[in-house]
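Below are my entries, written for anyone meeting it for the first time.

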Amino acid sequence: MTMTAEPRTGSRCVEEDPAARRFRVRRSAMTSPEIFTAELDRIFAHSWLYVGHESEIPEPGDYVRRPVGGRPVFMVRGVKTGQVNVFHNTCTHRGAVVCRKDRGNAKVFQCFYHAWSFDSEGSLVGVPGRDAYGDDLDMASLGLARVARAESYRGFVFASFDPAVPDLTDYLAGAREYLDLVIDEADGHLQIISGTQEYGMQANWKLLVENSIDGYHAASTHDTYFKYLVALGTDLSVGVSGVTRDLGNGHAVLEYLAPWGRPIAKWEPLFGDAAKQEIGELRARLAAEHGEERARRMCDFNRNMLIYPNLIINDIMAVTVRTFMPVSATAMTVTAWEAAPRDELPEVRQRRLDSFLTFLGPGGFATPDDIEALESCQQGFASGGVEWNDISRGMGRDPQATDEEQMRAFWRRWRDQLDAGEDR
Amino acid sequence: MTGLLAGSLAGLTRTEVEDFLYLEAELLDAWELDDWLRLYTDDARYVIPCTGDPAGDPSRDLVLIDDNRLRMQARVERLNSRKAHREYPHSNTRHLVTNVRLGPVEADELPVRASFTVWRFRGGRETTYVGGYEYRLVLADAALKIRSKRVVLDMTALRPASDVAIIL
């Protein structure tokens, strides 16, 4: 019996019609438990996922513990090698987690259950009452399990649970150049500032992908933030003016003339007159080092970048590094950090911290309203009656900063990965 | 509503300080934010460190909120407008303040510690914030004012609370 072929999951949810300049996403992609399960299997199990930044563990034995792709892992700088190790956080004996604090420094990770001990390179170094095993305990094969792949790109550490995933630098594709920009702005020494914002929302994770790189919503959703800036003398008449780009492999960026001040390096009245000279000097230094054109991008332009599937690096009024993970079709956890040049002057750092908090994070003047918007979309989906979201904006022109080409880049990759998973 | 008039910080009783903190809680629960702001000095700070980093220093570390008086004013204006979408319409909140402890006066400041639970109800969802308040109170024109309020959360993450769009 021949059966009519059902469109595969990805293609069923993402409909692109270039002739009609229409791009639509089926709302069930944000509500279906089956699609959530498929995403875990086909996307999160086969992508490079952000673990953390090397600056978080500068010294041998420094570690951080966190979930990656929903699985508890930890990242530790090996005492012998100085290299970054990423381990599954589970004892090879009977399973208990061996790293039990979010951060710290340790030479040995001892499982409290039966006291098996592992060193910072993962080797099993202690088993109480080992004589009970005779000569049969193969210590060498019972070290901590490394995640299938772990690589660092200039300090940004990623892991993948798929041994066959392409090398990280190839995977990053066009996103590399944008990562280089934010790292080079910091003279090559980018640092994650201490303090982690851990929050969440009752919305599908892909809504935060869209929102994090959405130039169209800024003026309407974030009116109160813009009012605050304008009241302090910032000229926002430039609006959100720039381009959006598909960076390959699902990565995408929105790059636009900064409507507000940037710690590197665009002065605004809020910074005070005293900061003018210092910001001018910073610009001149970057121009001497990187050339006028690249320095202008570093200083005058904002970038909101997605590294597929779930890492956002937004270099806006400050630099945020944000990752998120679905816990169901309708809820996600979010973890956000702030990045800054390691050797920044204290007064510049203070300005950067202020700029970050005013807009970003769960106590800022903008992020809570994004949370409200995404939860509101999720509630709207539950109402039914409308089958599709429209993501067509700007298909008939060179994509501008308030268009949606960057979201389409994400959705095409999402579609292809979900489809390909059905061939496995 | 006016704040507490007092002769000297050292002479304040715990009951008087409790009355003052209850007044603040009442103003917040009533969304009388302009009156709430009047309880604070012109050089006031309102700080909430990240969950998991209770010692977070806003001059060095990433925190959740680090408002000077200017940003407190902007926060109030935002919440009073209809465009703070996360808080329009406003949540029902209930600030419960307890375990109030007065420290010895330091220079012109009275350190006060207290425990709190803040309940937040909105759109059928309830969330709870639990933690400690650390105040620095001062006398300004014979009235008690808050120069600094630091809110240390006991939750290990803002989940399920999701945000601190309300004032704690």
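**Two helix pairs in chain A**

I looked up a crossing to begin with: H8(A) passes H9(A) in a right-handed crossing. My handedness rule is that a crossing is left-handed if the near helix is turned anticlockwise from the far one by less than a right angle, and right-handed if clockwise. Helices (H or I, at least four residues) and strands (E, at least two) are DSSP runs, numbered from the N terminus.

A note on what I am reading: this is a predicted model, in which local features need pLDDT of at least 70, side-chain atom pairs count only at pLDDT 80 or more, and totals for chains, interfaces and linings use all residues. Residues are numbered from 1 along each chain as its sequence is written, while chains are lettered from A and ligands numbered from 1 in the order in which they are written.

Back to the pair. Helix H8 covers residues 274-290 of chain A and helix H9 covers residues 292-300; their axes are 7 Å apart and the angle is about 140 degrees. Axes are lines fitted to C-alpha atoms, for helices over the stretch in contact, and angles run from 0 to 180 degrees between N-to-C directions. H8(A) and H9(A) are therefore oblique to each other. For the wording, angles under 35 degrees count as roughly parallel, over 145 as roughly antiparallel, 65 to 115 as roughly perpendicular and the rest as oblique.

Which residues of H8(A) and H9(A) meet? I found A:Arg283, A:Leu286, A:Ala287 and A:His290 on the H8(A) side, with A:Glu292, A:Arg294, A:Ala295, A:Met298 and A:Cys299 on the H9(A) side. Here two residues are in contact if their C-beta atoms, placed from the backbone, lie within 7 Å. By class, this contact of H8(A) with H9(A) has 5 nonpolar, 1 polar and 3 charged residues. I use these classes: Ala, Val, Leu, Ile, Met, Phe, Trp, Tyr, Cys and Pro count as nonpolar, Asp, Glu, Lys and Arg as charged, and the others, Gly among them, as polar.

Next I checked helix H5 (residues 205-212) of chain A, which packs with H11(A) at an angle of about 135 degrees, with axes 10 Å apart. H5(A) and H11(A) are therefore oblique to each other, and H5(A) passes H11(A) in a right-handed crossing. From H5(A) I listed A:Leu207, A:Leu208 and A:Asn211, which meet A:Asp370, A:Ala373, A:Leu374 and A:Cys377 in H11(A). That contact has 5 nonpolar, 1 polar and 1 charged residues.

**Sheets in chain A**

I then followed an open sheet of 4 strands in the order E6-E5-E4-E7 (chain A), with antiparallel pairing. Two strands pair if DSSP finds at least two bridges between them. The edge strands are E6 (84-88) and E7 (103-105) of chain A, each pairing on one side only. The twist averages 25 degrees from one strand to the next. Strand E5 (residues 71-77) of chain A is joined to E6(A) by 5 bridges, and A:Val76 stands opposite A:Asn85 in E6(A).

Another open sheet has 3 strands in the order E8-E9-E10 (chain A), again with antiparallel pairing. Strands E8 (108-110) and E10 (124-126) of chain A stand at its edges with a single partner strand each, so one side of each is left without a neighbour in the sheet. E8(A) pairs with strand E9 (residues 117-119) of chain A over 3 bridges, and A:Val108 has A:Asp119 as its bridge partner in E9(A).

Most residues other than glycine have a negative phi, and most peptide bonds are trans. A:Ala115, in the loop between E8 and E9 of chain A, has a positive phi of about 70 degrees although it is not a glycine. In chain B, a cis peptide bond joins B:Tyr88 and B:Pro89, with omega about -5 degrees. The bond from B:Arg159 to B:Pro160 is also cis, with omega near 10 degrees.

**Where the chains meet**

How many residues does each chain bring to the contact? I noted 30 residues from chain A and 30 residues from chain B. The side of chain A that touches chain B has 12 nonpolar, 12 polar and 6 charged residues.
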